[in-house]
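Dear colleague,

I am passing on the structure we spoke about, together with some notes on what was found in it. Please have the sequence and the model open beside this message as you read.

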Amino acid sequence: MIGIIAYGLTIGAILYIISIGLSLTFGTMRIVNFAHALAYTAGAYLLYSVMRAGGSFLLAAAAGVIIVVPLAWLIERFIIRRLYGQSIDYAIIGTYAVLLIGVDGIKWLWGATPIPLSDPIGEYVQIFGVDLPVYRLVIIILAGVIFLGLEFFFRRTIVGKVVVAGLEDKDAVRSLGIRVDSYFSIVFVLGSALAALGGILYAPITTVHPYMGLHVLLVCFAVVLVGGLGSMRGTLVASFALGMVIAITGRVWGPAAETAVFAVMAVVLMVKPLEI
Amino acid sequence: MSALTRPKVLATLRSFDLAVIAVLFGLLAWVLSIQRVTDFVIFAIFVVSFDLLYGQMGRLSFGHMLFLGTGAYASALTAVHLGGNPVLALVMATAAGGLVALLLGPMTVRTTGACFALINLAFNQVWHFLALIAFATWTGGEDGLAVWMQPVGPLDFGDKRVMFAFALVSLLAVIWLTRRLTDSPFGILLRGIKQNEMRVRFLGYDVFRAKLLAFVVSGALAAFAGGLSALNYGYVTPSFVDPGRNVEVIFACLIGGAGSVYGAVTGGVVYMLISNFLPSYVQRWEMLLGFALLVLVFRFRSGLWGFVVSRLGPRAEET
């Protein structure tokens, strides 16, 4: 029981870290960003490469996140920015194209064979008589820290406040003489960096392979749709709720875990259809 | 060619469109192999069914493989359990596709834009899981099912030429049907929904019913293509419902030109030519596909057919 809850919380934490960027990108730019999965996958592969070159896990994780930042900036500058205000279909197709290119590039550089990584901490702690990996607890705590950090960023800093205002009414902010789009691009890069962090954190729990991103992305879309697009707290609640769904279904019938998420999503969308 | 005759060329082509398409596919089958082109024809039917939703109604589905797979499995299961009558199998495939669309439609068609794309993708994922794991006892799981068909009269699908002819006639019938549908007031209603759904609703039309009907027709046609494809290959595997393959039909529809049945057919053929021959020359062909998609999105939105139309005649000619 404790084991299931801990696993659900771990998955929820990782889903939150990845989904928040997706949710913000949609809320600010009205763009469904398939390229998000690319940042996630790239983060995991960079982690693997730096660790193989002899770096520690912390160094490799930092390197992964830092290298993804300029990559995300390039994608924003040359692809996403040209899709603002266009039909959402073109945004979906355009970012999917970026994902295709990126995944093929990863296959080119690293090959298509799945790479397993080991638990970077490798220690266990006993909670209520159940052995839990310390690493998973670290992930859960980290998600909490990120949530608090984002709350601070969006409530206390001027950049965050501009973005929140832009979420509410983009044109009103623009008429105040603020260049909203450049603030949004900061959000995009931030979201991508968090996605990379999510990939890095999840890599030791699963295996690293070129298509890892697309799978997680589908679940994250479910999280974002259930939580409400552009809603930061909704994303938090939905992440942990769906993380629990995955953990519980996974215990009952392993292969059905991800499908259960989509079933939940379908039910939620039936009850409250979104008009996007 | 003088400017005066240009629209006439297009109009003439249009009045003999079915014959022209049949001849072109025949030539293609003669140049390439007949088996390969049968595959092209079936894929073209699938693209036409997708374009009904995307090009006409303006709803981008990221889960149209769901219906292709439903049709393929329905036809395979009919063959296994109800005897190998190919006509019955195709009827069952089409009916199954329509039925599934009728069940899912009320949930999906209420949404628009990204939500529509993603909810279809989610259902596609669920279907893939059902076919691969949950119903593995009936669907054969990863191994899939072999499809054996008995000949019915002159319809012996073991003969590749019969298969080709049947697929081609089916495509022509689907094109004729789709054109009738899109030229009708119903088609105008769909394009109205694409442009401004709210306005159409204010005019007093039952938007939900129109959208559901389009969804069901599109699903049934896609399932018909799936059933044909099962007959053509002689087997069904979960790759027929693979959600990752949705990009194929989207790409085909865009490259041909969304919103026109001829564009859909052109796109289907061009995509199949690319995917059949390019991988043997270019190793990184997925990357190439990605770049091609970007070019299509940024520079070439009307697609190949749109290009032909803008060269040969006034733009108002577009179907």
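This is a predicted model: local features need pLDDT of at least 70, side-chain atom pairs count only at pLDDT 80 or more; totals for chains, interfaces and linings use all residues.

In chain B, the secondary structure comes to 14 helices and two strands, and the C-alpha trace spans about 60 × 50 × 45 Å along its principal axes. The radius of gyration of chain B is 19 Å, which agrees with the value near 20 Å that a compact globule of 319 residues would have. Of those 319 residues, 51% are buried, and among the contacts in chain B with a separation of 6 or more, 79% are between residues 24 or more positions apart.

Between the chains, 33 residues of chain A are in contact with 31 residues of chain B. On the chain A side, the elements that give two or more residues are α4 (88-110), α9 (212-227) and α11 (257-271), with α4(A) giving the most, at 14 residues. By class, this side of chain A divides into 26 nonpolar, three polar and four charged residues.

Within chain A, helix α1 (residues 2-29) and α9(A) have axes that come within 9 Å and cross at roughly 65°, and the crossing is right-handed. The residues that meet there include Leu15(A), Ile18(A) and Phe26(A) in α1(A), and Val216(A), Val219(A) and Cys220(A) in α9(A). This contact has nine nonpolar, three polar and no charged residues.

With best regards

Technical notes. Residues are numbered from 1 along each chain as its sequence is written. Chains are lettered from A and ligands numbered from 1 in the order in which they are written. Helices (H or I, at least four residues) and strands (E, at least two) are DSSP runs, numbered from the N terminus. The radius of gyration is taken over C-alpha atoms; the globule rule is 2.2 Å times the number of residues to the power 0.38. A residue is buried if 20 or more other C-beta atoms lie within 10 Å of its own, exposed if 12 or fewer, and partly exposed in between; C-beta atoms are placed from the backbone. Two residues are in contact if their C-beta atoms, placed from the backbone, lie within 7 Å. Ala, Val, Leu, Ile, Met, Phe, Trp, Tyr, Cys and Pro count as nonpolar, Asp, Glu, Lys and Arg as charged, and the others, Gly among them, as polar. Axes are lines fitted to C-alpha atoms, for helices over the stretch in contact, and angles run from 0 to 180 degrees between N-to-C directions. A crossing is left-handed if the near helix is turned anticlockwise from the far one by less than a right angle, and right-handed if clockwise.
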